[in-house]
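Trainee: I would like to learn how to read a structure like this one. Please take me through a few features in turn.

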Amino acid sequence: GTAKLHLRNFIGAIDDFTKAIEIEGLGNHLHHFYLGKAKYLIQDYEGAMIELTNVINNYTYHPESYLIRGDIKEIIGDKEGANKDKMQYKKLIKDGY
């Protein structure tokens, strides 16, 4: 999945990460993160928000999830939510995550 994501084969990456989640269950937060990132890159903001929020709710120390979710919130007009997520991103980076 990550190779497809880096090669900009976003649909292929989405398929791979979806299958990985089906096989492994909800335990691997990175599958959800990369699935969310791929959905963000194809402008499936609702799908990306679901995956990134899943990461944040189950693994709170993943700064990039906050950053991308903040970008999505900004795009959809939730400036306050965007600012909160981006502040949390900066805090986690400062704290060494």
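Predicted model: local features only at pLDDT ≥ 70, side-chain atom pairs only at ≥ 80, totals over all residues.

Trainee: What span should helix α4 have?

Mentor: Helices (H or I, at least four residues) are DSSP runs numbered from the N terminus. The expected span is 1.5 Å times one less than the number of residues. Helix α4 covers residues 45–58, and its 14 residues should span 20 Å; the end C-alpha atoms are 20 Å apart, which agrees.

Trainee: Which residues of α4 are buried?

Mentor: Buried means under 20% relative accessible area, exposed over 50%, and partly exposed in between (1.4 Å probe, protein chains only). In α4 the buried residues are Gly47, Ala48, Met49, Glu51, Leu52, Val55 and Ile56. They pack against α2 (10–24), α3 (29–41) and α5 (63–75), where contact means heavy atoms within 4.5 Å.

Trainee: Where is Ile14, and what does Ile14 touch?

Mentor: Ile14 lies in helix α2 and is buried, at a relative accessible area of 11%. Leaving aside residues up to four places away in sequence, Ile14 touches Leu35, Ala38, Lys39 and Ile42. Ile14 and Gly36 are 22 residues apart in sequence, yet 8.5 Å apart in space, C-alpha to C-alpha.

Trainee: What is found at the start of α3, and what follows α3?

Mentor: At the start, a side-chain oxygen of Asn28 reaches to within 2.9 Å of the backbone nitrogen of Leu30. After α3 comes Gln43, whose phi is positive, near 65°.

Trainee: How many aromatic pairs does the structure hold?

Mentor: Four. Rings of Phe, Tyr and Trp (its six-membered ring) pair if their centres lie within 6.5 Å; planes under 30 degrees apart count as stacked, over 60 as edge-to-face and the rest as tilted. The rings of Phe33 and Tyr34 have centres 5.1 Å apart and planes at 65°, so this pair is edge-to-face. Tyr40 and Tyr45 form a tilted pair, 6.2 Å centre to centre with 50° between the planes. Ring pairs also link Phe17, Phe33 and Tyr34 into a cluster.

Trainee: Are Phe33 and Tyr34 buried or partly exposed?

Mentor: Phe33 is buried, with a relative accessible area of 2%, whereas Tyr34 counts as partly exposed at 23%.

How values were computed: Residues numbered from 1 in each chain as written. Heavy atoms only, no water. Helix = DSSP H or I, 4+ residues; strand = E, 2+ residues; numbered from the N terminus. Polar contact = N/O pair within 3.5 Å; in protein donor to acceptor, adjacent residues only side chain to side chain.
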